[in-house]
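Here is a short briefing on strands and aromatic rings. Have the sequence and the model ready as you read.

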Amino acid sequence: MNLQTMDYMIALADERSVSAAARRLHITQQSLSAHLASVEKELGCRLFERRVPLEITYAGEEFLRYAYSIQKQMKMLHHTFDAIRREEKGLLEVGITSNRGLVILLPVILAFQEAHPGIELKIVEDTNEALVKKLEKGEIHVGVSDFASGHSGIHVVRAYRERVVFVIQKELFARLYGEAAGEVIRRIQEGELKLLEECPLLLGHEEDIAGKYARRLMETFSTSPVVRAEAKNTVLLLELCAAGMGGCFCPEIIVKNTLSQEKKDALLTITLGQEAEYEMYIGWREDWHVIQDFVETMAKQMRN
């Protein structure tokens, strides 16, 4: 058993497949299987049940607790001695949805790189739920999400307050509701959201906040609305919205910071009440000083 063993067992636990873990580790299946068998023989315990997918035993869970701890300590050792040599270097992986990254990351990256020129930044774009899972697995160092359900082992600090709004081309809304358009807007803002079932919709991804909100709301409709398009890319949906294709549930910060003024002027933005508001957080796991500095830089930029 050696330090490499920790990486091997963590890969097996993550992938639940010898073949997939071997590809991730860039070794053969035979080598990985042999290494696993050797470790189990040394410990006198079976760590994985050979099923499809692999099943972690109680002994395997205990082993993984130590493996994660040892892996974390080794990373901290390297970070510490990089700092001692004053040759700060390394890779910092930051997870964020592509749309929020477009809006908030530029000043954060510029300020952070000025302070840490030897650190390479890798921006990992994915849905909110996928980013939280990547952070839990140690595949990214920092993640920006709502962390709605809470996650053990992840530290979080508030970044900013966000809210979902309903956006639709003014001309399309007027055609749908006619002379009652003004009254409909007032009633929607007061909570009669079922009135939106008349609108054709453009839906975000089901694992993102606005997409989940839209689908929960649709479940209350008495009729099934027309869905014209679904996409992960919220900016694309907003462009389609401005072109009159349908209405879109979208974080207000993205509406304000991605569209041209001409397109924003063509859109009607309807606020949806407190149930559409939530906090966004910056999350991290490791106690690397570079991570702390990035988190503080982002939090400071979001307060400005």
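Two strands pair if DSSP finds at least two bridges between them. Helices (H or I, at least four residues) and strands (E, at least two) are DSSP runs, numbered from the N terminus. This is a predicted model: local features need pLDDT of at least 70, side-chain atom pairs count only at pLDDT 80 or more, and totals for chains, interfaces and linings use all residues. Residues are numbered from 1 along each chain as its sequence is written, and side-chain values use heavy atoms, leaving out hydrogens and water.

**Strand S6 and its partners**

- Strand S6 (residues 155-169) runs antiparallel to strand S11 (residues 277-284), with eight bridges joining them. Here His155 has Trp284 as its bridge partner.
- Five bridges join S6 to strand S10 (residues 267-271), also antiparallel. Ile168 stands opposite Leu268 in S10.
- Four bridges join S6 to strand S9 (residues 247-251), again antiparallel. Val164 is partnered by Pro251 in S9.

**Aromatic pairs**

- The structure holds four aromatic pairs (Phe, Tyr or Trp rings, the six-membered one for Trp, with centres within 6.5 Å; planes under 30 degrees apart are stacked, over 60 edge-to-face, the rest tilted).
- One of them is Phe112 with Phe294, edge-to-face at 5.2 Å centre to centre and 75 degrees between the planes. This pair links helix H5 (residues 98-115) to helix H13 (residues 289-303), and its residues are 182 apart.
- Both Phe112 and Phe294 are buried (under 20% relative accessible area, with a 1.4 Å probe and protein chains only; exposed is over 50%, partly exposed in between).
- Phe166 and Phe249 form a tilted pair, 4.9 Å centre to centre with 55 degrees between the planes.
- Phe166 is buried, and Phe249 is buried too.
- Ring pairs link Phe166, Tyr213 and Phe249 into a cluster.
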